[in-house]
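Take a look at the model below. This briefing covers its nonpolar cores, the residues around its ligand and one of its sheets.

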Amino acid sequence: MTNTHGKTDSHGFDEYEADHFDERHGHDPSIGEMQLDDRSALRRVAGLSTELTDVTEVEYRQLRLERVVLVGVWTSGTAAQAEASMAELAALAETAGSEVLEGLVQRRDKPDAATYIGSGKANELRDVVLATGADTVIADGELTPAQLNALEKVVKVKVIDRTALILDIFAQHATSSEGKAQVALAQMQYMLPRLRGWGESMSRQAGGRAGKDGGVGTRGPGETKIETDRRRIRERMAKLRREIKEMKGARDTKRTQRLRSEVPSVAIVGYTNAGKSSLLNALTGAGVLVQNALFATLDPTTRKAAFEDGRQYVLTDTVGFVRHLPTQLVEAFRSTLEEVTDADLLVHVVDGSDPLPTDQIKAVREVITEVLREADAPRDSDMGRSAGSAPAELLVVNKIDAADPVTLTQLRSLLPGAAFVSARTGEGIAELREQLAELVKSPEVEVNVLVPYTRGDLVARIHADGRILGSSHEPEGTLVRAKVPEALASALRDYRHSA
Ligand SMILES: Nc1nc2c(ncn2[C@@H]2O[C@H](COP(=O)(O)OP(=O)(O)OP(=O)(O)O)[C@@H](O)[C@H]2O)c(=O)[nH]1
Ligand SMILES: [Mg+2]
């Protein structure tokens, strides 16, 4: 796996990811309306798919999404929510590089056990596929291997589900070696029960057909071949887990240093495309990748920043969330998501111009809860956060320049503590800075110490981590009055000076 940056680690403080900086100026299509140039601007990363083909030879069905028809089952919620879900699926499909030709939604109590949509609707879908010349159907859910297989038999083109689509986008956008490994792990986990025959393998397990060739979707290797492939994939997964753990080690060291120095950490979280990276840029001038694409950011980027009073803090931009984020990804990205669980404060960015911002807030909180629960589970390399202490959350409604005024008024009364900003125009950013300074724990312990000259290291730490209120050089050492983090105050205990 090569890294387009020529770097192996993009989690440092001062990395600058400019090579694919791709902001489209003055043009802001809404979700689901991304233009052709957006898609052609996307480069497909030839990474995992080829590798998997190596591993399993003919087994892996590469996602070559070109002309797609979307299909969804609307089981609960309002018509607006069903519509938003399809619009999001369209945006995901376009982010993955495909052209959306048509979308069908079926109202049902629950998805059809056999074919996801009902059989009548499946035939209708077949007609739409024929009429539009689509080569792929994307279903808005996670389908069982058997459902995918059965639906493919009816529509006679490739059928993939929302989970596979999201995994494909992640694979395209991963740039760091850690990100690539995490995506590969998630994809393999998804693929394992779906090896060629998607579901056919299930019937074999159940003592079904004897693996004779026969028609679409049933051709394939014999049982032993599939088993060999499964074993090879499991071996690769084990290797990836080990690699991810090692890569995480390097990042942990950095984080431990940060924790020790007690620099408060703020993590920017939120729905994908809400403007998290834009906000990081607005607050720190970082210049990270901003793109009107879903999951543009996969690797956490951390920047140092300072409040007005000179106090330092670190700000981390993270991977975006989405409704029903595939569990394979949550698990594989666990080490990345630790940036979230270890933060002192979460800045939760909400796209105020989205038609249903409160649904986004809910989806993000669900993922965060899941991540926090995972983080509380005991594991070998525990560090930082003590169980149960979730970081505080500040809601930031972004894109107020583009938001509907009525929605904004509703949000203001619904979310009284929230900040309202535009990362694009800068409106509200100064106020947000003040709010952050208030919320982030101040390292306020006042000390008055006489530090002997042999402990220059301590004086250096006071300078680095605290605020000097006054200092003078005395015959016995440096006399310092300062506000310092609690940990440093206790390290200075022996040098307390009473004057
Ligand atoms: N109108 C408007 N557009 C904004 C604002 N902030 C961000 N955007 C646009 O929203 C899109 C997404 O911005 P990003 O900062 O990449 O969003 P993100 O949350 O980091 O997205 P992912 O990393 O993909 O999850 C880009 O097209 C931005 O130009 C804003 O305040 N107003
Ligand atoms: Mg981003």
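Two strands pair if DSSP finds at least two bridges between them. This is a predicted model. In it, Ala267 has Leu346, in S8, as its bridge partner.

**The sheet**
- Strands of a sheet pair through backbone hydrogen bonds, either parallel or antiparallel.
- Here six strands make an open sheet with mixed pairing, in the order S6-S7-S5-S8-S9-S10.
- Strand S6 (301-306) and strand S10 (419-420) are at the edges, and each has a single partner strand, so one side of each lacks a neighbour in the sheet.
- Strand S5 (residues 265-270) and strand S8 (residues 345-351) run parallel, joined by five bridges.

- In soluble globular proteins, nonpolar side chains tend to be buried together.
- The largest nonpolar core has 103 residues; Leu70, Ala93, Val137, Phe170 and Val396 touch the most other members.
- Helix H7 (residues 177-191) gives the most to this core: eight residues.
- Domain 1 (36-238) and domain 2 (258-439) each supply at least three residues to this core.
- Leaving aside neighbours within four places in sequence, the contacts of Val396 include Leu279, Val347, Val350, Ala418 and Leu432.
- Another core, of 12 residues, lies apart from the largest one; Val459, Ile462, Ala482 and Leu492 are among its members.

**Around ligand 1**
- Ligand 1 has 26 residues around it, and Gly275, Ser277, Asn292, Thr297 and Gly320 come nearest.
- Helix H10 (residues 276-284) provides the largest share of this shell, three residues.
- By type, the shell holds 12 polar, eight nonpolar and six charged residues.

Notes
Residues are numbered from 1 along each chain as its sequence is written. Chains are lettered from A and ligands numbered from 1 in the order in which they are written. This is a predicted model: local features need pLDDT of at least 70, side-chain atom pairs count only at pLDDT 80 or more; totals for chains, interfaces and linings use all residues. A nonpolar core is a set of buried Ala, Val, Leu, Ile, Met, Phe, Trp, Tyr and Cys residues joined through C-beta atoms within 7 Å. A residue is buried if 20 or more other C-beta atoms lie within 10 Å of its own, exposed if 12 or fewer, and partly exposed in between; C-beta atoms are placed from the backbone. Helices (H or I, at least four residues) and strands (E, at least two) are DSSP runs, numbered from the N terminus. Domain bounds come from an automatic or database domain assignment. Two residues are in contact if their C-beta atoms, placed from the backbone, lie within 7 Å. A residue is near a molecule or strand if its C-beta atom, placed from the backbone, lies within 6 Å of it. Ala, Val, Leu, Ile, Met, Phe, Trp, Tyr, Cys and Pro count as nonpolar, Asp, Glu, Lys and Arg as charged, and the others, Gly among them, as polar.
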